[in-house]
Amino acid sequence: MAIRERARDFWDRISPRERMLVILASIAAPLILTYWLGSSISDGLGKIEAKNEKMRKALRIIADVKARGPVQASDDTIDKMGTELLPLESYVQEAAAKSKIVIKSIQSPPEATKNKFVTKSVKFKLEDLELDQLKSFLQEIETKSKVVVVTDLDVARDFKDPKKVDADLEISTYAKAKEVAATGSAGSAKKAGP
């Protein structure tokens with residue numbers, strides 16, 4: 001009640017001209033505030049729309065470049081894969097020699113046939129290697145032949161020398177199983193006939 005009485009006293013004390021200004025201010029303030037909020041929201045939406053349009057344009061350019069880009073060559077590794085496995089131990093030793101790495105012993109589990117492919121793996125441990133040596137060794141293994149891959153790699157920092165690492169590796173090579181290759185060539189011979 002005290003606030004209402006103070007407001008009534010204030011209203012009674014001011015002149016009619018001042019009353020008119022208070023009424024205009026009470027009407028104008030919400031209108032100005034509403035206009036300001038609306039324009040700031042509109043500006044924000046305009047900026048978002050401009051950003052979205054730039055993104056749409058970039059996506060159209062990427063789609064156009066992709067559509068005009070060169071056709072990537074297909075991977076024909078399986079088609080060119082033979083039925084004889086690479087001599088994996090000597091392959092690994094050659095890669096090690098190029099990277100100046102000494103392999104003390106190589107474990108060679110027996111060959112395995114699965115899903116129409118023959119797999120041969122070797123396992124060994126490398127110690128006291130610099131990272132660049134390991135990197136060049138892995139590049140040599142993976143780039144020289146498409147049918148040889150590193151199937152397991154476990155690298156640990158050497159506690160004696162933090163600049164060196166120890167690595168446990170498993171490297172595998174693949175070939176087509178002979179019965180698959182024979183049926184594939186027989187099928188192509190049938191297709192070639194009349």
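This is a predicted model: local features need pLDDT of at least 70, side-chain atom pairs count only at pLDDT 80 or more; totals for chains, interfaces and linings use all residues.
Modeller: Residues are numbered from 1 along each chain as its sequence is written, and side-chain values use heavy atoms, with hydrogens and water left out.

Biologist: In what order do the elements of the chain run from the N terminus on?

Modeller: Helices (H or I, at least four residues) and strands (E, at least two) are DSSP runs, numbered from the N terminus. The chain holds six helices and five strands. From the N terminus on, their order is α-α-α-α-β-β-β-α-β-β-α.

Biologist: What percentage of the 194 residues of the chain count as buried?

Modeller: Buried means under 20% relative accessible area, exposed means over 50%, and partly exposed lies in between, with a 1.4 Å probe and protein chains only. Of the 194 residues of the chain, the buried share is 21%.

Biologist: Is α4 parallel, antiparallel, perpendicular or oblique to α5?

Modeller: Axes are lines fitted to C-alpha atoms, for helices over the stretch in contact, and angles run from 0 to 180 degrees between N-to-C directions. Helix α4 (residues 88-98) packs against helix α5 (residues 131-144) at an angle of about 135°, the two axes being 8 Å apart. Angles under 35 degrees count as roughly parallel, over 145 as roughly antiparallel, 65 to 115 as roughly perpendicular and the rest as oblique. The angle therefore makes α4, relative to α5, oblique.

Biologist: Which residues does Val92 touch, not counting residues up to four places away in sequence?

Modeller: Val92 is among the core residues that touch the most other members, and it is also one of the residues through which α4 meets α5. Not counting residues up to four places away in sequence, Val92 touches Ile103, Ile106, Val122, Phe124, Phe137, Ile141 and Ile171.

Biologist: Does Glu170 count as buried or exposed?

Modeller: Glu170 is found in strand β5. Its contacts, leaving aside neighbours within four places in sequence, are with Ser121, Val122, Lys123, Val149, Val150, Thr151 and Asp152. Because its relative accessibility is 19%, Glu170 counts as buried.

Biologist: Where is Asn115, which has a positive phi although it is not a glycine?

Modeller: Most residues other than glycine have a negative phi. Asn115, however, has a positive phi of about 55°, and with a relative accessible area of 62% it is exposed. Asn115 is found in the loop between β2 (112-114) and β3.

Biologist: What is the relative accessibility of Asp128?

Modeller: Asp128 lies in strand β3 and has a positive phi of about 55° although it is not a glycine. Asp128 counts as partly exposed because its relative accessibility is 39%.

Biologist: What distance separates the C-alpha atoms of Pro87 and Thr173?

Modeller: Pro87 is found in the loop between α3 (77-80) and α4, and at 52% relative accessibility it counts as exposed. Pro87 and Thr173 are 86 residues apart along the chain, and their C-alpha atoms are separated by 9.0 Å.

Conventions: Contact means heavy atoms within 4.5 Å. A nonpolar core is a set of buried Ala, Val, Leu, Ile, Met, Phe, Trp, Tyr and Cys residues joined through side-chain atoms within 4.5 Å.
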